[in-house]
Protein chains: 2
Amino acid sequence: MKDFTFQNPTRIHFGRNALDQLPAEVKRYGQRILMVYGGGSIKRTGVYDAVTEKLQAAQAQVWELSGVQPNPRLSLVRQGIQLCREHQIQLVLAVGGGSAIDTAKAIVNGACYDGDVWDLYEGKGSNNTALPLGVVLTIPAAGSEMSRSSVITREEDWCKRGRNAYTNFPTFSILNPEYTYTLPPFQTACGIVDIMAHMMERYFTMEEHVELTDRLIEGALVTVINNAPIVMEKPDDYDARAEITWAGALAHNTLLETGRVGDWASHKLEHELSALYDVAHGAGLAVVFPAWMKFVLPRGGATKLAQFAQRVLAVPQDFGSEEEIAAEGIRRLEGFYQSLGLATTLTGMGIDDSRIPEMAARAVALVGGKLGGFVPLTAEMAEDIYRLAL
Amino acid sequence: MKDFTFQNPTRIHFGRNALDQLPAEVKRYGQRILMVYGGGSIKRTGVYDAVTEKLQAAQAQVWELSGVQPNPRLSLVRQGIQLCREHQIQLVLAVGGGSAIDTAKAIVNGACYDGDVWDLYEGKGSNNTALPLGVVLTIPAAGSEMSRSSVITREEDWCKRGRNAYTNFPTFSILNPEYTYTLPPFQTACGIVDIMAHMMERYFTMEEHVELTDRLIEGALVTVINNAPIVMEKPDDYDARAEITWAGALAHNTLLETGRVGDWASHKLEHELSALYDVAHGAGLAVVFPAWMKFVLPRGGATKLAQFAQRVLAVPQDFGSEEEIAAEGIRRLEGFYQSLGLATTLTGMGIDDSRIPEMAARAVALVGGKLGGFVPLTAEMAEDIYRLAL
């Protein structure tokens, strides 16, 4: 187990009545609010009205920044920072999923940074403070509601960059599983894949003696896998939605990485995929993660993959050799993703091999060395993984 | 799953070099420090010297309050509050286990409360702020290093009272598993029992659809059970000590109770035991918890006890009926406690039945109604449990 410092200050209000906490939060931080959201979905589902009503009850003065898209864009962040400065915003409230939250994170940090906000994502600048950030979550997936991560895409060159910072932790997050009832099945499925990927990136580490966090991750993965078919079948099953929503927040809140170093190669390989093809992040991960597993299995990954197969996917101990158990785990994971209606190959997503070298080169160039911690990857190895995904 | 609000602000510095973070923490909060600790053990083990050296490096001015005893006493708390006020203390630093930390929690809260600190424990007063509280942990057991709980005994009448409050969360806690190498085997064993009890009190709930937290608790319990024999055999096994130390903090940090209501009857029954007989809390729990399980098994507890038996203690599904599986789980738990060198009966601790009615009456009177949430207990039922423990 590695030495670590852990702190997660985000206050979570969870449940059917969680939004009732919003007026008290507004009173804490101030009534000049910038509300950040995507398109019309929160208006169709009633979440916009519910939030607005609570803000009115809190006598808040609200500015709106809408138009957040998947793989959220830098230009909108810049608009938001401008609004914060013009109107002395006291609290930024993201209403939506990871894209709205990541946009809002960039805004609350950028508003407290003198230079260009993109510096923060390129590691060329830093800030010690940020504006207070509230979240009303509608999509359990990115885990941004309780994480220190934010990913933004600069649309000029589709350059996608992530930033981890303490000032990225939301001040508070409101999680009502009912808000996820109206998600289209594809989006529910992508969210499930993303949540599991956040846990699996941390699970696959070469760090030894991490039994506690291994077992916590395994328990959370099993819970997501058990509840996924329920929500796919019955989108308004509160209890199953609640299990997945809370698992989604814990998946990425840094607790499950204490004492270990995650891998994150699959995420980076997927980032390049979604930057070039604008595919949904979860859908991309359903393709990339199993391919990554197949690649690392014969390269030192068998033991951990076999543990994963047995404890998470219930592959029996007498199934075969360690390698066979591990391979069966990968097959079961692919089968699970397919049961959610997702493709598990690039071809199945309509993507061919034409840009594989470009994506591999970009993914590896980004980290300035080898990619990932479990099996460090060169650009050639990254290409192999994309090809295994065809 | 119940609605909940969750926030745990404690900053954890964990590992062999965790104490290196102390000077930076002192710089954050101030150099006028009250150090709270027990007797000579931290001097014998070198922890006192190590802490003092870091405090000197931070140019701190240190006052000392030593003499903390197990089942920590109100009179020492009052002395500490007096010292804080006299010397404008800026940071209270507890060095030790739960007793030192709970004493320090009472001090940092009491110092910011105008009335008598015991009011806070009797629910007759409240405070919104507390002095910053740092912890250097030497005994993984109480979980106080990352919890909002504090338990203090008023020695005039041996009245033991717990208080849960947001202001009880330590500001930071330093957890170096090496500091636990020198614990006597009995204390290591008691700590393991206490850690498991914190998880089991939350596990045994009648709340349904709590799969995620159930599985997180199960994973943490299995980890403790797997690593316990290692530390009993080889006290300086860093990795096993680290697993137990981190599990001990997470056991009580409120994450594992999200969405559910714990039982806590066993803790309250044990508190009366240790208040009257001054036994170690963990030793008392090793006696009370199995007796409580035997009592609730035929009263609606079989299903959850059987789940516990199967998932935590590996009782096979084909062992027998649900009741038989549950009963085997209790036997295995008792066997595990005995393997740590602990008694699992009152008689084995040298305690007879003479004060059972008194303890039962006190435990139930304290809660002003029935005791516990899993199977609510009357005083008569509490007596039955103590008798089952004979």
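**Where the chains meet**

Seven bridges join strand S1 (residues 4-14) of chain A to S1(B), and the two strands run antiparallel. Strands pair if DSSP finds at least two bridges between them. Helices (H or I, at least four residues) and strands (E, at least two) are DSSP runs, numbered from the N terminus. Within this pairing, Thr5(A) stands opposite His13(B) in S1(B).

A word on the source. This is a predicted model: local features need pLDDT of at least 70, side-chain atom pairs count only at pLDDT 80 or more, and totals for chains, interfaces and linings use all residues. Residues are numbered from 1 along each chain as its sequence is written, while chains are lettered from A and ligands numbered from 1 in the order in which they are written.

Now the whole interface. On the chain B side, 34 residues are in contact with 35 residues of chain A. Contact means that the C-beta atoms of two residues, placed from the backbone, lie within 7 Å. Three elements of chain B each supply at least two residues to the side that touches chain A: strand S1 (4-14), helix H8 (211-233) and helix H9 (238-251). H8(B) gives the most, with ten residues. By class, this side of chain B has 14 nonpolar, eleven polar and nine charged residues. Here Ala, Val, Leu, Ile, Met, Phe, Trp, Tyr, Cys and Pro count as nonpolar, Asp, Glu, Lys and Arg as charged, and the others, Gly among them, as polar.

How do the copies relate? Chain B can be laid on chain A with an RMSD of 0.0 Å, by a turn of 180 degrees and a shift of 0.0 Å along the axis. The two copies are thus related as by a two-fold rotation axis. The superposition is by least squares on the C-alpha atoms of residues with pLDDT of at least 70 in both.

Chain A is divided into domain 1 (11-179) and domain 2 (184-388), with bounds from an automatic or database domain assignment. The contact between them takes 20 residues from domain 1 of chain A and 25 residues from domain 2 of chain A. S1 and strand S6 (149-154) of chain A each supply at least two residues of the domain 1 side. That side has eleven nonpolar, five polar and four charged residues.
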